[in-house]
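Please read the following report with the sequence and the model side by side.

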Amino acid sequence: MSTLRFDAMSTIGPAPLEQSVIEKVICRGRHIDIQWDDGIILSTSLRFTGQWHLYRVGEQWRKETHRARVVIEVSDWVAVCFDAAVVETFRVPDRGRHPQSGGVGPNISQVRCDMAVCTRNLLQYHDQSAMVVDVLADESVISGLGNVARSETLWAVGLSPFAKIGDLSYEDCETLVETAARISRLPHDSSSSVYGRNGHRCHRCHGTIECKVQGVQRRAIFWCPDCQQRLDRRLLPTDLIQGDHTPTHPAELLFISDAIAARKKSQIINDVRDFG
Ligand SMILES: [Zn+2]
């Protein structure tokens with residue numbers, strides 16, 4: 001569920017980005033931490049007086065507004081922390097981001113980023129069976145690509161987040177890098193096509209956008225299952241994957257998945273013709 005509002009009054013730490021997703025709530029006695037998918041943690045120490053309340057949107061609060069220390073709003077609910085002794089926010093230490101940790105890929109959000117190195121890193125990824133969504137989150141391949149830009153890039157190129165990196169052609173990787181560069185350099189308040197829009201209609205095909213928490217870093221991915229089917233191995237006919245003939249050549253996989261996508265598209269066009 002994506003965050004629509006975050007207010008931590010009189011706290012100077014970093015705030016989770018709008019539309020970022022709450023991944024974890026950790027309770028240790030009177031100490032409650034909330035973690036977002038963009039790496040921000042809110043830490044509250046309730047001591048004797050503090051309380052967290054959960055309200056429906058629009059519901060009357062049971063304590064005075066001025067006693068609220070934190071307000072978090074998601075689509076239907078508002079969580080309010082009153083009178084907490086300590087309220088802090090901080091960013092989870094991320095070793096991959098540290099400039100001296102080594103092996104960090106070119107920063108795609110910078111104009112002087114070496115795009116050819118990014119493309120090569122994608123093509124030569126050590127685990128060819130890894131899913132493209134996870135590879136894009138690996139900072140040793142490309143750095144500076146945030147969670148929002150990751151979902152938006154895959155949508156823009158119409159590629160399934162669950163495509164295997166080894167199935168991508170050189171042109172696929174090049175397009176992916178160019179698109180990621182363009183999207184990650186957009187102003188932060190640009191409207192999103194899929195990120196934070198789960199349950200809403202896709203602007204391109206009117207399908208319903210989905211959300212899934214993915215990978216070891218447990219980051220949320222938003223995608224349209226209707227127009228982002230390209231190279232999705234889960235959609236290939238099982239007899240082609242498990243039968244006598246297993247397509248392994250990227251061109252053949254591309255052909256098959258494009259054929260499935262084209263069939264789906266023609267079905268949508270026929271449906272529109274029939275009902276519209
Ligand atoms: Zn779509």
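Strand β2 (residues 22-28) and strand β3 (residues 31-36) run antiparallel and are joined by six bridges, where strands are DSSP runs of E of at least two residues and helices are runs of H or I of at least four residues, both numbered from the N terminus, and where two strands count as paired if DSSP finds at least two bridges between them. The model is a predicted one, in which local features need pLDDT of at least 70 and side-chain atom pairs count only at pLDDT 80 or more, whereas totals for chains, interfaces and linings use all residues. Residues are numbered from 1 along each chain as its sequence is written.

Within this pairing, I26 stands opposite D33 in β3. The strands β2 and β3 form a hairpin with two residues between them, and G29 in the turn has a positive phi of about 60°. Strand β3 is also joined to strand β4 (residues 40-45), again in the antiparallel sense, by five bridges, and here D33 stands opposite S43.

| Hairpin | Residues between the strands | Glycine in the turn | Phi |
|---|---|---|---|
| β2 and β3 | two residues | G29 | about 60° |
| β3 and β4 | three residues | G39 | about 90° |

Another group of four strands forms an open sheet in the order β1-β6-β7-β5, with antiparallel pairing. Its edge strands are β1 (5-8) and β5 (51-56), each of which pairs on one side only, and the twist averages 15° from one strand to the next. Inside this order, strand β6 (residues 68-73) pairs with strand β7 (residues 77-82) over five bridges in the antiparallel sense, and V71 has V80 in β7 as its bridge partner.

Turning to the helices, the axes of α1 (residues 115-123) and α4 (residues 170-184) come within 9 Å and cross at roughly 130°, the axes being lines fitted to C-alpha atoms, for helices over the stretch in contact, with angles from 0 to 180 degrees between N-to-C directions. That angle makes α1 oblique to α4, since angles under 35 degrees count as roughly parallel, over 145 as roughly antiparallel, 65 to 115 as roughly perpendicular and the rest as oblique. The crossing of α1 and α4 is right-handed, a term used if the near helix is turned clockwise from the far one by less than a right angle, with anticlockwise giving left-handed.

On the α1 side, M115, C118, T119, L122 and L123 meet Y170, C173, E174, L176, V177, E178 and A181 of α4, contact being defined by C-beta atoms, placed from the backbone, that lie within 7 Å. By class, this contact of α1 with α4 has nine nonpolar, one polar and two charged residues, where Ala, Val, Leu, Ile, Met, Phe, Trp, Tyr, Cys and Pro count as nonpolar, Asp, Glu, Lys and Arg as charged, and the others, Gly among them, as polar.

Conventions:
Two residues are in contact if their C-beta atoms, placed from the backbone, lie within 7 Å.
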